[in-house]
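Subject: A structure for you to look at

Hi,

Here is the structure I said I would pass on. Have a look at it first, then read my notes below with it open beside you.

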Amino acid sequence: EVLSKVKMDDITSLREDLLDETPDDLLSLTVLHDATLLRCLYIRYMKDIVYTNIGAIVVALNPFNFKIPWYTDDNMPKYLAEGPIIEHNLPHSWAQAHNTYNEMIADRFNQCILISGESGAGKTEASKIVMKYLAQIAAKSGTAEEREAGL
């Protein structure tokens, strides 16, 4: 019934070549539409890539798994080694913390990281991940003893 009320001119045909786009930043999708955004997040999640950027915002889908290889703590030095903006690593809470910390240092203004979500979505875990990274990046310029305390 509903489809009979829709005019053919109002229907856009599907481009199947766009279905499997999985950029790190959803703003890079060829077509920004609910369906393409959700499809991209779904494909990334099924590949155990649970973080995706939307511009300066990171979307984190709770994997209920702390053993995904590219998100283990031994990968943190790759993020710490980058310049003031993360450009060569996967989206992650570490990347948000890295960029925010470096903006705070460069601009000499307070910064804020907002972590939100429904109950059980992983906000506490995300907060711990951000705090651990901030401890590491802040200790980077400290003494060896201070760097060790940041672990």
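Let's begin with Asn75, which counts as buried because its relative accessible area is 10%, and the cut-off for buried is under 20%. Bear in mind that this is a predicted model. You'll find Asn75 in the loop between strand 2 and helix 3. What does the side chain of Asn75 make a polar contact with? The partner is the side chain of Lys78, at 2.9 Å. Leaving aside residues up to four places away in sequence, Asn75 also touches Pro69, Trp70 and Trp94.

Next, look at Tyr79 and Trp94. Their ring centres are 5.2 Å apart with the planes at 75 degrees, so they are edge-to-face too. Tyr79 belongs to helix 3 (residues 76-80) and Trp94 to helix 4, so the pair ties together parts that are 15 residues apart in sequence. Tyr79 counts as buried, at 2% relative accessibility, and Trp94 is buried at 2% as well.

Back to Trp70 and Tyr71 for a moment: ring pairs link them with Tyr51 into a cluster. Tyr51 turns up again in the largest pocket, as one of the residues nearest its centre, along with Ala60, Ser93, Gly122 and Ala126.

That pocket has a volume of about 990 Å³, and 39 residues line it. Which elements give two or more residues to that lining? They are strand 2 (57-60), helix 4 (93-107) and helix 5 (123-139). Helix 5 gives the most, with seven residues. Sorted by class, the lining of the largest pocket has 23 nonpolar, 10 polar and six charged residues.

Cheers

How values were computed: Residues are numbered from 1 along each chain as its sequence is written. This is a predicted model: local features need pLDDT of at least 70, side-chain atom pairs count only at pLDDT 80 or more; totals for chains, interfaces and linings use all residues. Side-chain values use heavy atoms; hydrogens and water are left out. On a 1 Å grid over the protein atoms alone, a cavity is a set of points where a 1.4 Å probe fits but cannot get out, and a pocket is an open set with protein on both sides within 12 Å along at least five of seven lines; lining residues have an atom within 4 Å of a point. Grid points are joined across faces, edges and corners, and a volume is the space filled by probe spheres set on the points. Helices (H or I, at least four residues) and strands (E, at least two) are DSSP runs, numbered from the N terminus. Ala, Val, Leu, Ile, Met, Phe, Trp, Tyr, Cys and Pro count as nonpolar, Asp, Glu, Lys and Arg as charged, and the others, Gly among them, as polar. Rings of Phe, Tyr and Trp (its six-membered ring) pair if their centres lie within 6.5 Å; planes under 30 degrees apart count as stacked, over 60 as edge-to-face and the rest as tilted. Buried means under 20% relative accessible area, exposed over 50%, partly exposed in between (1.4 Å probe, protein chains only). A polar contact is a pair of N or O atoms within 3.5 Å; within protein, one must be able to donate a hydrogen and the other to accept it, and residues adjacent in sequence count only if both atoms are side-chain atoms. Contact means heavy atoms within 4.5 Å.
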